[in-house]
Amino acid sequence: MRLKIIGSAAGGGFPQWNCNYRLSRAARAGMAGVHSRTQSSIIASADGLGWVLFNASPDIRQQIAATPELQPAEDAPLRSTPIRAVVLTNADVDHIAGLLSLRERQPFAIYATAQVLATLEANSIFNVLDPALVPRRILPPAKELAICDAEGRETGVTIEPFSVPGKIALYLEDRDHPDASFSSDAGDTIGVRIAGIGSRGSVFYIPGCARIDATLRTRLTDAACLLFDGTVYTDDEMIVAGVGQKTGTRMGHLAISGEVGSIAGLADVIGRRVFVHINNTNPILDENSAEHAAVKAAGWEIASDGMEMEF
């Protein structure tokens, strides 16, 4: 089983198009140790030929251009793709907008929870993906299933989806009640355990998570590899940076640092641990920062576009 991180940033990417915060300026200037990143997405393959895409970011065209594995083979038909299926972990814009760039009547399957599929159904623009060519399949909660292509052929990739604490997508919030809680533990945000059919090794992919509860901690205790939400380093990071008024918690993301942060909460998880979905205000993006050093000292890696692993 091969896995590749094709997008390691949070929504907006890094640098974000309209962001003039010091980290975005450093990335644009080519500062040593500060590298650009596209928006959140990974791919997995059991044979190196067909690939399952986890989240379709707005940067998908750029990501395909930078990833030979996702490009049509030289001897393939004139219209073809090695993308066999897309698995969505929530309905955030940075995870579903890329579906619109995959609209050229190319067969592949979409897998998502009932809530996320309902969001696609409610937005008629997603009808550019003809259901006759691009079937939409519901992910059953906490049940392992084999991912199949549009025609029902197994890809060799299996997943086990499970709900994690999160929130509904920003654009689904009720603007008439801005102070309401839009948190959700019932399938609006999921994590997935990715494995190959008959494979011993597996990877947990959780790009969005609002808190670590006992159920999640137990599930991850023996994880061989964990790709986890690294959106913000501190909960009030965006407020302190002066670029927003929301905390990480309000956005449905757990901070990396602090007594209840992910480093502390997942200290007992064994195996490889990698932060993904990193916001453009997060100081770990600067390899020269104290925060970057602290994350590394705690035994974590910081994802970058193009990072690969086998299991």
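This is a predicted model: local features need pLDDT of at least 70, side-chain atom pairs count only at pLDDT 80 or more; totals for chains, interfaces and linings use all residues.
Residues are numbered from 1 along each chain as its sequence is written. Local features require pLDDT of at least 70 and side-chain atom pairs pLDDT 80 or more, while totals for chains, interfaces and linings use all residues, and side-chain values use heavy atoms, without hydrogens or water.

The protein has eight helices and 16 strands, taken as DSSP runs numbered from the N terminus (helices: H or I, at least four residues; strands: E, at least two). The C-alpha trace spans about 50 × 45 × 40 Å along its principal axes. Of the 311 residues, 54% count as buried (under 20% relative accessible area; exposed is over 50%, partly exposed in between; 1.4 Å probe, protein chains only). Contacts are heavy atoms within 4.5 Å. Among contacts with a separation of 6 or more, 67% join residues 24 or more positions apart.

Helix H4 (residues 114-122) buries Val116, Leu117, Thr119 and Leu120. These residues cover an arc of only 155 degrees around the axis, and therefore lie on the same side of H4. The arc is that of the directions from the helix axis to the C-beta atoms. Glu121 and Ala122 are exposed on the other side. Cover for the buried residues includes helix H3 (93-96), strand S5 (109-112) and strand S6 (136-138).

Rings of Phe, Tyr and Trp (its six-membered ring) pair if their centres lie within 6.5 Å; planes under 30 degrees apart are stacked, over 60 edge-to-face, the rest tilted. The count comes to three aromatic pairs. Phe54 and Tyr205 are edge-to-face, at 6.4 Å centre to centre and 80 degrees between the planes. Phe54 lies in strand S3 (residues 51-54) and Tyr205 in strand S12 (residues 202-206), 151 residues apart. Both are buried. Phe275 and Trp300 are stacked, at 3.9 Å and 10 degrees. Phe275 is in strand S14 and Trp300 in the loop between H8 and strand S15 (301-302), so this pair ties together parts 25 residues apart in sequence. Phe275 is buried at 0% relative accessibility, Trp300 at 2%.

Asn280 sits in the loop between strand S14 (272-276) and helix H8 (290-297). Asn280 is buried, at 4% relative accessibility. Its side chain makes a polar contact with the side chain of Gln16 (3.1 Å). Such a contact is a pair of N or O atoms within 3.5 Å; within protein, one must be able to donate a hydrogen and the other to accept it, and residues adjacent in sequence count only if both atoms are side-chain atoms.
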